[in-house]
Amino acid sequence: MDLLLTEQQRLLAESATRLCADHGGPKRLRALRGAAAEMDVDAWRATIAAGWLSTVVPEHHGGQGLGVFDLALALEQVGRQLLMIPLNEVAAVARTMSRAVDGSRAEAGLADLLRGALIVPVTAAAAWRRGEPSLHYDPKAGVLDGTIAFVAYGGSADAFLVAVDSGAQPVLALLRGSQISVATESNVDGSTSSRLTFAKVYVPAESVIATGAEARKLALQLNEFLMLGAAIELVGLAAAALDVTLDYIKLRQQFGKPIGSFQVLQHRAVNGFIDIELNRSLAYRVLAAYDAGEHHPAMVSAVKARASRGALEITRAALQMHGAIGYTEEHDIGLYYKRALALSAQYGGELGQTSRFSALTLEPAGAAT
């Protein structure tokens, strides 16, 4: 399979590189953390204007009809520049709603989303390996109960795409934020996680996107999208952390010579580079297969597990190669490490995804959520 970028993909990657560099970076992240901002509103508006969300939406729904692979070219730059925007989450919602059989129910929400409305997914992937989400839907009464934690950008959301696979019937519904109680806490990197509480929330028929087997299928695709998106952000983040470290060891002098001339540090840097390239190659192949509908669900977990492990190992090595200054709050390399901590845990860390990979390969009937 040829994974060389097409001309259109190359142009998308170049524009994403410029946009993310203009709106991101350590200085911008520090400013957002200082202001206790959940997301970068200016960067998000620029993302909407660039039309990145429409890459995963079919043309008959007003999108570009491309694929997740194309969006990943932008997501990698989001990770590289430490942008605090919900591109992965909202794009996952856009793709999911655009694939509902009854498109009329999702049409209004999808149009609002492409214009800039913030609709965040609420799915089992959010609470991965931290206890099963206790959401229950009563189809007779049309009522949703329960709580779910670790929802990204929940404090800023206008609405939520809620996937429930418990109770009498699976359901996928679009609910207004005003219907739901949201409690938000800060993560180590300055991002946030929200706990959503549904207290007898009424779900009108027009808000239901899908039910039954279709809802379960869409929820699985939604979960996998979130895992792949977080993984490719981690690849970009790890690459940026390695670049920062290479610049440092070329300049830092010890014993009258740059520490980058020491073989032990050269080996660590090369190992990091190889790991990044392997993870990017794996991610690209799985993304291409995902778009073609030919991927094995276990490989989604393989991508997320490897990207999580790789990003943490590379950023930890980066801290060590910076020496004592790398552990101070003032140095930028610590921002990459903290972001890697949060992103690696989001939608399933290395251990959780390795467990899922084993279940899907050793037990063909294993759960794929």
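Predicted model: local features only at pLDDT ≥ 70, side-chain atom pairs only at ≥ 80, totals over all residues.

Me: Why is serine 54 called buried?

Reply: Buried means under 20% relative accessible area. Serine 54 has 12%, so the label buried applies. Serine 54 is placed in the loop between helix H3 (41–50) and helix H4 (68–80). Setting aside neighbours within four places in sequence, serine 54 is in contact with Gly63, Gln64, Gly65 and Leu114.

Me: What makes glycine 334 buried?

Reply: The cut-off is again under 20%. Glycine 334 has a relative accessible area of 14%, so glycine 334 is buried. You will find glycine 334 in helix H10 (residues 333–345). Not counting residues up to four places away in sequence, glycine 334 touches Leu319 and Gly326. The C-alpha atoms of glycine 334 and threonine 315 are separated by 8.2 Å, with the two residues 19 apart along the chain.

Me: And serine 301: how do you know whether serine 301 is buried or exposed?

Reply: Exposed would need over 50%, and buried needs under 20%. Serine 301 has a relative accessible area of 0%, so serine 301 is buried. Serine 301 sits in helix H9 (residues 297–322).

Me: What makes the pairing of the side chains of serine 301 and arginine 356 a polar contact?

Reply: A polar contact needs a pair of N or O atoms within 3.5 Å, one able to donate a hydrogen and the other to accept it. The side chains of serine 301 and arginine 356 make such a contact at 2.8 Å. Leaving out residues up to four places away in sequence, serine 301 touches Gln353, Arg356 and Phe357.

Me: Why are H7 and H8 called roughly antiparallel?

Reply: Angles over 145 degrees count as roughly antiparallel. Helix H7 (residues 212–251) and helix H8 (residues 263–291) pack at about 155 degrees, with axes 10 Å apart. H7 and H8 are therefore roughly antiparallel to each other. The contact includes Phe225, Leu228 and Ile232 of H7, and among its H8 residues are Phe273, Ile276 and Tyr284.

Me: Which handedness does the crossing of H7 and H8 have?

Reply: H7 passes H8 in a left-handed crossing.

Terms used. Residues numbered from 1 in each chain as written. Heavy atoms only, no water. Axes fitted to C-alpha atoms, helices over the stretch in contact; angles between N-to-C directions. Helix = DSSP H or I, 4+ residues; strand = E, 2+ residues; numbered from the N terminus. Parallel < 35°, antiparallel > 145°, perpendicular 65-115°, else oblique. Left-handed = near helix turned anticlockwise from the far one by under 90°. Contact = heavy atoms within 4.5 Å. Buried < 20%, exposed > 50% of the residue type's maximum accessible area, 1.4 Å probe, protein only.
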